[in-house]
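Morning, everyone. Please look at the structure on the screen, and I will go through a few of its features.

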Amino acid sequence: MGTELEQKYVVDSTRPWAVQTQLISQLSRAGYQVTFVEEKPQQDTYFDTPGEAILKGGGSLRLREKGEKRLLSVKSMLRREGGTFLRREDELVLNGEADPRAFLRTYLPEVDLEALMPMAVVVNLRRTYEVSRTAGGRFELAFDDVTYQNPATGRECRERQVEIEALSGTQADLERVVSALRLSELRPVSESKYQRAVRLTTKAVEG
C-alpha cells in the first residue's frame with residue numbers, strides 16, 4: 001500500500017506546448033532543478049460495475065498498459081481539496097505469478113467481481129520530468145495529451161492536463177512547488193481521470 005499526493009490541472013490553451021515551456025522556465029526561476037525523464041504512450045482501462053459502485057465510492061480500478069508493462073491499481077480517495085488529491089494506491093504487477101482475483105478480493109471486498117466491465121479507456125501520451133530542490137522535496141511533473149473513450153458508445157473527448165506528484169517531501173513542499181506553477185492557462189480540477197472520462201464522454205453522448 002502507498003499514498004499518492006498530487007495536484008491536477010487542465011490546460012486551457014490552444015498552444016499547450018508553449019504552456020509547458022513556460023512552466024519549466026518558472027520552476028527553474030523558483031530554484032528547482034527540472035530534468036526530462038521520458039515521453040511514452042500509455043493506455044488506462046477503468047473497470048467498474050454497471051451501477052458504477054467503485055466510482056460512486058470515490059475510487060477506481062485501473063489497468064495500465066505502458067509498453068510491455070501491465071499494472072493493476074486500486075485507488076481510494078483519502079482527501080481532495082481543489083485540484084489536490086491524496087489517495088491510497090494498491091498495485092499489482094501483472095505477470096505469470098500474479099493473482100488478480102485475490103488482489104481484487106482484498107482491496108475491493110464489497111464489489112461484485114463478476115459484474116466488472118470496462119467503463120472508460122484513457123489513451124495518454126505522457127511527457128514526464130523530475131523536479132527537485134534541496135530540502136524542498138522531489139516531484140514528477142507530467143504533461144498529458146489525453147483522449148477519453150467510452151467503450152460502450154465509441155464517443156471520445158480530448159484534453160491536455162498537467163499533474164505534479166510528490167515523490168518525496170511534505171504537503172508544504174507540494175504547496176511551494178504548486179505556487180511556482182501559477183499560470184492563467186492552468187485550471188485546477190477536482191476530478192480524477194476516470195471521473196472526467198465518464199462525465200465528459202457521457203456529456204458528449206447527451207449533447
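In which helix does Tyr194 lie? Tyr194 lies in helix 5; helices here are DSSP runs of H or I with at least four residues, strands are runs of E with at least two, and both are numbered from the N terminus.

Two notes on the source. This is a predicted model, where local features need pLDDT of at least 70 and side-chain atom pairs count only at pLDDT 80 or more, while totals for chains, interfaces and linings use all residues. Residues are numbered from 1 along each chain as its sequence is written, and side-chain values use heavy atoms, with hydrogens and water left out.

Back to Tyr194. Is Tyr194 buried or exposed? Tyr194 is buried, because its relative accessible area is 1%; buried means under 20%, exposed over 50%, and partly exposed in between, with a 1.4 Å probe and protein chains only. Neighbours within four places in sequence aside, Tyr194 is in contact (heavy atoms within 4.5 Å) with residues including Tyr46, Leu55 and Met119. Asp48 is also among those contacts, and the side chains of Tyr194 and Asp48 are joined by a polar contact of 2.8 Å. A polar contact is a pair of N or O atoms within 3.5 Å; within protein, one must be able to donate a hydrogen and the other to accept it, and residues adjacent in sequence count only if both atoms are side-chain atoms.

Next, aromatic rings. How many aromatic pairs does the structure hold? There are four; rings of Phe, Tyr and Trp (its six-membered ring) pair if their centres lie within 6.5 Å, and planes under 30 degrees apart count as stacked, over 60 as edge-to-face and the rest as tilted. One of the pairs is Phe103 with Tyr107, tilted, at 5.1 Å centre to centre and 55 degrees between the planes. Both residues lie in helix 3, four residues apart, about one turn of the helix. Phe103 counts as buried at 8% relative accessibility, whereas Tyr107, at 30%, is partly exposed.

Why is the pair of Tyr129 and Phe143 edge-to-face? The planes of the two rings are at 90 degrees, with the centres 5.9 Å apart, so the pair is edge-to-face. This pair links distant parts of the chain, with Tyr129 in strand 6 and Phe143 in strand 7, 14 residues apart. Tyr129 is buried at 7%, and Phe143 is buried at 4%. Together with Phe36, Tyr129 and Phe143 form one aromatic cluster.
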